[in-house]
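These are my notebook entries from a first look through this structure. I put down what I looked up, in the order in which I looked.

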Amino acid sequence: MSAARPPEGARPEVRSTKVHMSPIRLAGARTLFNKEVLRFWKVSFQTVGAPVLTAVMYLLVFGHTLENHVKVYGTVGYTAFLIPGLVMMSVLQNAFANASSSLIQSKITGNLVFLLVAPLSHWAWFAAYVGAAIVRGLAVGFGVAVVTMWFALPGLDNILWVLVFALLGSGLMGALGLIAGLWAEKFDQMAAFQNFIIMPMTFLSGVFYSVQSLPPLWLAVSHANPFFYMIDGFRHGFFGVSDVSPWISLGVVGAAFVVVSGIALELLRRGYKIRH
Amino acid sequence: MPNAAISFQNVSKTYRGGAVRALDGVSFDIEPGEFFGLLGPNGAGKTTLISILAGLARASGGRVLVQGHDVVDDYAEARKALGIVPQELVFDPFFTVREALRIQSGYFGVRNNDAWIDELLENLGLADKANANMRQLSGGMKRRVLVAQALVHRPPVIVLDEPTAGVDVELRQTLWKFVARLNREGHAVLLTTHYLEEAEALCSRIAMLKLGRVVALDRTSALLSGKASTVLRFKTDAALPAELASRSRVTGRIAQITAHDVAEVETILGTLRAAHVPVEDLEIGRADLEDVFLEIMQGAKQ
């Protein structure tokens, strides 16, 4: 142990910390963002590889059984129709999973204390967790797109819609994951949130079918599901056709993003279930 | 006048709508550069007080300042000035020791901090573990990393919440050597511990908490001399006379009786002789912090 003499840089005055300090909020938020990205990237086999495989399974099974029986929007083959929906579903589920599982793990293992004692604002927490959720969502979505496009090419009508809905949708789901992670105290509560809210809403959002084919009651139900607008708007970017106008979808998804983000920020500001 | 390192001002904390009162108007200051001990039995409110200081909990009343910065209204400045070693042995299993330290440093806005990180690793005996994953470390090594994480942004105020609970002698020595050095260099240190000999050796001033209130607050030397300053220890198989039994501490065959001065020692010995109590291995020593602690805690009974 060489504790004898501190080198010049080791003086403890507050002054010495200030010298090295970049604008703290930005630097702190950036570190937390990097940490959150690194966290899933270190286990990318699970966090990116596994969801890509799941999406390919869906494509193989549904595409094989339905390709010769179903045409959507008149001319689009079923497999091609399915691909953008599967990509977006993967984006949404993984954005949610990233924020929620990171928070609940830190809460349960207790290492959230490292963040709680840091001088990070609620904006920094929000930006970092949602930002990393977007990165994970996009990484998985990109992976699903690259693999599934071997099976069929859905075309690309307008990449701007694709990007806008991917970003806004993954941001919305990241913020929702943040709320779920703050609220849940146990892993089974988180599983319930995922299985009873997120899964049904994504499955019933028109990933696997055009909602125009549904009976009136279920069509109305679908129109009340914000996930429907995320999928529909995203798909519009590929086919130039959709169940509702992409501008309506943008309005609904944008409004949902603002509301959910507002709730997440307020919970963070209050330290809901994390500062007692 | 410089701001106190830490200022607790009438801090109270209640749970369940006021049914449980964990802290009840706690006030004291820790001066810059001071090595301060916070003692008390389990449930006295030590950890609650530190949680409020760290921003992990919110006070129901009163306020806490770190170098003049309110821990709620001006939390960013207050937290930058604080380095907290938590009581629980927690870690992030995704990262190596060096990664964990770089990340913690970044949260505080301190980048390119590897020179100081290396020095921390060296001083805490972690240099050869820098690239080991946190999961692979033993409990004692994880504890060292917690200390390093708390110091990574060079906080002027260091808080150690029972840092030596259940750790081996080597780490205890390493830790105290390093913390004492930081204290000499000007860091204020707030220590809570169950090991009273540690507090006696290290802390220049001590506060004792009981049931959420401060029951003693003084210089360690004043606490040791102000209360019973002498203690009589001996072994005996016989029962003590009633007037001594009520004020003695008996552990097996060993009896300890505190006295305030030499005359009182004479009186106690006289009483023992008169009662024909056979006494072996009699010694007269200076009272230690444990004696003082017990006397104060008994005196503070409701």
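**Entry 1: a helix pair in chain A.** I then looked up helix H7 (residues 159-183) and helix H11 (residues 246-270) of chain A, which pack at an angle of about 30° with their axes 9 Å apart. H7(A) and H11(A) are therefore roughly parallel to each other, and their crossing is left-handed.

Which residues of H7(A) and H11(A) meet? From H7(A) I listed several, among them Trp161(A), Phe165(A), Leu168(A), Leu172(A) and Ile179(A), and these belong to a contact to which H11(A) brings residues including Pro246(A), Leu250(A), Phe257(A), Val260(A) and Leu267(A). Sorted by class, the contact of H7(A) with H11(A) has 19 nonpolar and 4 polar residues, and no charged ones.

**Entry 2: chain A as a whole.** I counted 11 helices and 2 strands in chain A. Reading from the N terminus on, I found the elements in the order α-α-α-β-β-α-α-α-α-α-α-α-α. Along the principal axes, the C-alpha atoms of chain A fill a box of roughly 80 × 35 × 35 Å.

I looked up the confidence next: chain A averages a pLDDT of 86, and 91% of the residues score at least 70. Over residues 1-22 of chain A, however, the pLDDT is below 50, although this stretch has 37 contacts in the model beyond near neighbours in sequence. Where pLDDT is low, the predicted coordinates should not be read in detail.

**Entry 3: one sheet in chain B.** In chain B I found an open sheet of 4 strands in the order S2-S1-S4-S5, with antiparallel pairing. S2(B) and strand S5 (69-70) of chain B stand at the edges with a single partner strand each, so one side of each is left without a neighbour in the sheet. Helix H1 (residues 46-54) of chain B packs on this sheet, where it touches S1, S2 and S4 of chain B, and its direction makes about 115° with that of S1(B).

I then went through the pairs. Strand S1 (residues 6-15) and strand S2 (residues 20-30) of chain B pair in the antiparallel sense over 7 bridges, and Val11(B) stands opposite Val26(B) in S2(B). S1(B) and S2(B) form a hairpin with 4 residues between them, and in the turn I noted Arg16(B), which has a positive phi of about 45°. Strand S4 (residues 61-66) of chain B pairs with S5(B) in the antiparallel sense over 2 bridges, with Leu65(B) opposite Asp70(B) in S5(B).

**Entry 4: another sheet in chain B.** What is the order of the strands in the open sheet that holds S12(B)? I read S12-S13-S11-S14 for these 4 strands, with antiparallel pairing. Strand S12 (248-251) and strand S14 (280-286) of chain B each have a single partner strand, so one side of each of these edge strands has no neighbour in the sheet. The twist averages 20° from one strand to the next.

S12(B) and strand S13 (residues 254-259) of chain B pair in the antiparallel sense over 4 bridges, and Gln256(B) in S13(B) is the bridge partner of Arg249(B). Last, I looked up helix H10 (residues 262-274) of chain B, which lies across strand S11 (230-235), S13 and S14 of chain B and runs at about 140° to S13(B).

How values were computed:
Residues numbered from 1 in each chain as written. Chains lettered and ligands numbered in written order. Predicted model: local features only at pLDDT ≥ 70, side-chain atom pairs only at ≥ 80, totals over all residues. Axes fitted to C-alpha atoms, helices over the stretch in contact; angles between N-to-C directions. Parallel < 35°, antiparallel > 145°, perpendicular 65-115°, else oblique. Left-handed = near helix turned anticlockwise from the far one by under 90°. Contact = placed C-beta atoms within 7 Å. Nonpolar A, V, L, I, M, F, W, Y, C, P; charged D, E, K, R; others polar. pLDDT = per-residue confidence, 0-100. Pairing = 2+ DSSP bridges.
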